[in-house]
Amino acid sequence: MVQDLFGLSDYPACHQYNEESWRQSQRARRLTGDSTSIAGRVAFRYPNFRYYMTARFLAAMSSEMQAVAVAWQVYGLTHRPLDLGLVGLAQFLPGVFLFLIAGHTADRVVRQRILQTCFAAFSVCSLLLLTFAVRGISSAWPIYAVLLLNGVVRAFNGPASQAFLPLLVTAEHFPNAVAWGSSVFQAAIVTGPMVGGALYGIAGSPIPVYGCAAITYLIALLLVSMIRVEGKQRPRGAGAGIVLEGLRYIRHNQLILGAISLDLFAVLLGGAVALLPIYAKEILNAGAFGLGVLRSAPGTGAVIMAIVVAHWPLRGKVGAAMLWCVFGFGVFTIVFGLSRELWVSLTALVLVGACDMVSVIVRHTLVQLGTPDEMRGRVSAVNMVFIGASNEVGQFESGLTAQWFGTVPAVIAGGLGTIAIVAIWAWMFPALRRADRLAPASRP
C-alpha cells in the first residue's frame, strides 16, 4: 500500500542498488541488532554519509556565520528594514532563473563534482566579502553583487545536494539519514550564528567572520572529495522535454505538490528571520551577539526535534502531523512578534524551529523517496525554488511589510497568514492530509 501511495510499486527499478551499498546495508543491520539507540544512528554506519554530513555541517555553519555578518553589516550601513529584505532577494533571484538548468545539470553531471565546484565557489564569495570589508565600503551594493553570485552557486548546489543524499545510504535507512541530516544541518544553523555573532561582536568587524567562512568552505570541499560512490548515478541526455520533466512530475503528483507548496507559502508569510537584526537592536536590545543567539534559537529547536524523530520515527498520519506542525509554526511566530522579553522570544523561536523540522523531514522524505533517481535532480531543483522562495522571498516580504506597516505588525500578520495557509491546504490537498507513512517497505 505504501509503495502505491508514493508511486514506488517498482521502487527497486528506480533506486539502483549496487553490491557494495547492499553489503553496507546488511552490515549496518547486523550491527544495529535490536538496540533502539544504535538503530537510531544507523545512517552513520555508512562512511560516505559521515563524510557528507561533516562537510554539510561545515558549509552550513559557514553560511550562517556569514549571514549574521552580512545582515548586521548591511543594516549598519543603511538602517532600513527593506535592505534586509533585499539581502534575501539577491540570493533567491538567480535560483528562479537557473533552477531548470541546475536541476538538469544535477541529473546529467556527477553530483559529487557539482558539490566540489560549489564549495570552492562559496569560498570565493566569502573572500570577496572579506576584501570589501578590509577595504571598507560605504554602500551595500557591492555586498548585494556578491550575494547574487552566491545565489548562482546556491542554485546549482541545492539540487545536487538533495539528490546526492539518497546515493549514500540504502532506501530502508534513508528516513533515518534524512532525520540525522536535518539534525546536522540545524546544528550548524545553531552554531554558525552564535560563532558569527561572537566573532563580529569581539572584533567589531565582519573581517574574521568572512575569513573563517572561506577557510571552512575549503575544508568541506576536501571532505566531499573523500566520498566514494560507485555506479549509482546514471546521467541523462539533454533536451527541453527532459529539462521540464521535474515540473511535470510534481504537477501530477498531488502529494509531493501539496507538501512542498505548503512549505513555500507558510514560510513565505511566516518568515521573521529577516527582521531579527531589528528585534536584536531596537526591541530586545540584545546587540550583535544577541542577534546570533536569536538566529540560533530556531535551529536549536530543530536539532532537538530531529534527534527525537531519528530515534522515534514518524510511523503514522505523517500528513496530519505536518499540517499541525506548520500550524504551530504560525502560532509561535505570532508569540515571537508580540514578545518584548528575550527569554520569551528565544522560547518562541525554539518552538518555531521544532515545528518546522517535522515539516522538513516529511517533505524531504516524500520528495526523495517518491522520485526516481534519474530525475531527482530536476525534482529537487523545483523543490529548492520552493524552499528558496519561502526563505529568501519571505525575507523580502517581511522587510517590505515591515517598511510599510512596522516590524511587529509584519511578523504578526505573517503568523496569521501561515495559519490560514494550513487550513486552505488541508482542504485543497486531501492526499497530503491522509498521508500515513514516509518510507517504502524495507527490501527483503
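Is Asp83 buried or exposed? Asp83 is buried, because its relative accessible area is 4%, below the 20% cut-off. The model discussed here is predicted.

## Overall build

The protein chain is helical, with 20 helices and zero strands. It has 444 residues, and 58% of them count as buried. The accessible surface comes to about 17,400 Å². Carbon and sulfur atoms account for 66% of that surface.

Take the contacts between residues at least 6 apart in sequence: 88% of them join residues at least 24 apart. One pair of residues shows how sequence and space can differ. Arg108 and Arg378 lie 270 residues apart in sequence. Their C-alpha atoms are 10.0 Å apart in space. Arg108 belongs to helix α6. Arg108 counts as partly exposed because its relative accessibility is 44%, which falls between the 20% and 50% limits.

The largest nonpolar core has 85 residues. Phe49, Tyr52 and Val70 have the most contacts inside it. Helix α5, residues 47–78, gives the most to this core, with 16 residues.

Leaving out residues up to four places away in sequence, Tyr52 touches Leu115, Ser161, Phe164, Leu165, Leu168 and Ile227. There is also a second, separate core of 21 residues. Among its members are Val318, Met322, Cys325 and Val352.

## Cysteines without disulfides

How many disulfides does the structure hold? The count is zero. Cys355 is in no disulfide. The nearest cysteine sulfur to that of Cys355 belongs to Cys325, 5.2 Å away.

Cys355 is buried, because its relative accessibility is 13%, under the 20% limit. Cys118 is buried too, with a relative accessible area of 5%.

A search of the whole structure finds one salt bridge. Its partners are Asp83 and Arg80. Their closest N and O atoms are 2.7 Å apart. The two residues sit in different surroundings. Asp83 is buried, at 4% relative accessible area. Arg80 is partly exposed, at 39%. Helix α6 covers residues 81–108.

## A nonpolar patch on the surface

Leu93, Val96, Phe97 and Leu148 form a nonpolar patch on the surface. Together they have about 360 Å² of accessible area. Helix α6 gives the most to the patch, with three residues.

Leu93 is found in helix α6. Leu93 counts as partly exposed because its relative accessibility is 33%, between the 20% and 50% limits.

## Two loop residues with positive phi

Which loop holds His79? His79 lies in the loop between α5 and α6. Its phi is near 60°, a positive value in a residue other than glycine. His79 is partly exposed, with a relative accessible area of 48%.

Asn285 is another case. Its phi is near 55°, again positive in a residue other than glycine. Asn285 lies in the loop between α14 (276–283) and α15 (287–311). Asn285 is exposed, because its relative accessible area is 63%, over the 50% cut-off.

Technical notes
Residues are numbered from 1 along each chain as its sequence is written. This is a predicted model: local features need pLDDT of at least 70, side-chain atom pairs count only at pLDDT 80 or more; totals for chains, interfaces and linings use all residues. Side-chain values use heavy atoms; hydrogens and water are left out. A disulfide is a pair of cysteine sulfur atoms within 2.5 Å. Buried means under 20% relative accessible area, exposed over 50%, partly exposed in between (1.4 Å probe, protein chains only). A nonpolar core is a set of buried Ala, Val, Leu, Ile, Met, Phe, Trp, Tyr and Cys residues joined through side-chain atoms within 4.5 Å. Helices (H or I, at least four residues) and strands (E, at least two) are DSSP runs, numbered from the N terminus. Contact means heavy atoms within 4.5 Å. Patches are made of residues with over 30% relative accessible area and no salt bridge: like charges are joined within 9 Å, nonpolar side chains (Val, Leu, Ile, Met, Phe, Trp, Tyr) within 5 Å. Accessible areas come from the Shrake-Rupley method with a 1.4 Å probe; for residues, only the protein chains shown count as cover. A salt bridge is a side-chain nitrogen of Lys or Arg within 4 Å of a carboxyl oxygen of Asp or Glu.
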